[in-house]
Amino acid sequence: MRRAAQGVVQLLLNRDQREVRVGAGRLVDLGLAAHNAQDPAETREALLEFLAERVRTLLEAEPHRLAYDEIAAAMAAGWTDSLTDLVDRAAAVRSVRNEPAFLSILDSAKRIANITAGHESTQVDPARLETEVEERLDDLATIASDQIDELIAERNYRRALESFAGLAPELETFFNDVMVMVDDEALRNNRKSLLRKIGRCAGRIADVTKIVVDRKALK
């Protein structure tokens with residue numbers, strides 16, 4: 001079964017003219033439908049995890065030679081729709097991880113993740129933006145989000161990550177000047193939504209918080 005699953009993954013990773021444009025999730029769904037599987041949701045989860053192990057193994061080997069944390073970061077943002085896209089996103093993380101600017105990406109993403117844990121909304125109410133710092137960050141987040149969406153559509157993931165890194169100075173100002181965890185629940189949630197709006201930008205490419213970095217080497 002492992003050899004068969006590995007063969008399936010290799011076919012899905014094929015980049016030549018015979019590239020199979022079917023994601024692992026779609027392939028599993030077709031199989032479940034063909035066999036009238038009992039407990040399809042549970043079976044689907046088990047099959048995808050089985051395939052995920054093969055994906056990790058193959059991407060760590062030649063010709064990809066991706067690091068385990070690069071693979072984990074990209075898979076956390078989604079992998080079942082397209083394995084070739086997964087490789088592109090993981091490779092983009094690899095291409096920037098050793099640059100000093102990557103610390104800006106990592107620190108921003110970690111801080112946002114910590115503050116907004118359990119908060120999923122990215123809908124910001126402009127009427128509840130009380131300071132110029134919040135308004136400016138919201139405007140920049142909208143601009144950056146649109147730009148990153150365009151770069152993602154072009155599969156230019158490296159530039160998308162670099163665009164996210166460009167928000168770091170404004171984020172630092174926000175964290176210095178604005179208290180997120182205020183007593184007013186509506187105001188607190190609106191500020192969390194603003195941060196989630198920003199975090200979503202990089203989160204569509206990879207969960208960079210999973211990357212292990214040597215900070216001394218990056219400075």
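R155 counts as partly exposed, at 36% relative accessibility. Its side chain meets that of D85 in a salt bridge, at 3.5 Å from N to O. The pair ties together distant parts of the chain, 70 residues apart: R155 is in the loop between helix 7 and helix 8, and D85 is in helix 5. The model is predicted.

**Around D85**

- D85 is found in helix 5, which covers residues 83-96.
- Buried or exposed: which is D85? D85 counts as buried because its relative accessibility is 17%, and buried means under 20%.
- Beyond its neighbours within four places in sequence, D85 is in contact with R155 and Y157.
- A network of salt bridges links D85, D88, R89 and R155.

**Other salt bridges**

- Side chains of opposite charge can pair when their charged atoms come close.
- How many salt bridges are there? The count comes to 20.
- One of them joins E120 and R196, with the closest N and O atoms 3.0 Å apart.
- That pair also links distant parts of the chain, 76 residues apart: E120 is in the loop between helix 6 and helix 7, and R196 is in helix 10.
- E120 counts as exposed, at 57% relative accessibility, whereas R196 is partly exposed, at 25%.
- R65 and E62 form a salt bridge through their side chains, at 3.9 Å from N to O.
- R65 is exposed, with a relative accessible area of 52%. E62 is exposed too, with 60%.

**Nonpolar cores**

- The largest nonpolar core has 38 residues. Which of its residues have the most contacts inside it? They are L161, F164, F174 and I198.
- Helix 5, helix 6 (102-115), helix 7, helix 8 (157-165), helix 9 (168-177) and helix 10 (185-203) each give two or more residues to this core.
- Helix 7 gives the most, with seven residues.
- Apart from this core lies another, of 22 residues, including A24, V28, L66 and L83.
- L161 is in contact with A92, V93, V96, I105, I205 and V208, leaving aside its neighbours within four places in sequence.

**Around D146**

- D146 lies in helix 7, which covers residues 132-153.
- D146 is partly exposed, with a relative accessible area of 44%.
- How far apart are the C-alpha atoms of D146 and C201? They are separated by 9.0 Å, though the two residues are 55 residues apart along the chain.

Conventions. Residues are numbered from 1 along each chain as its sequence is written. This is a predicted model: local features need pLDDT of at least 70, side-chain atom pairs count only at pLDDT 80 or more; totals for chains, interfaces and linings use all residues. Side-chain values use heavy atoms; hydrogens and water are left out. Helices (H or I, at least four residues) and strands (E, at least two) are DSSP runs, numbered from the N terminus. Buried means under 20% relative accessible area, exposed over 50%, partly exposed in between (1.4 Å probe, protein chains only). Contact means heavy atoms within 4.5 Å. A nonpolar core is a set of buried Ala, Val, Leu, Ile, Met, Phe, Trp, Tyr and Cys residues joined through side-chain atoms within 4.5 Å. A salt bridge is a side-chain nitrogen of Lys or Arg within 4 Å of a carboxyl oxygen of Asp or Glu.
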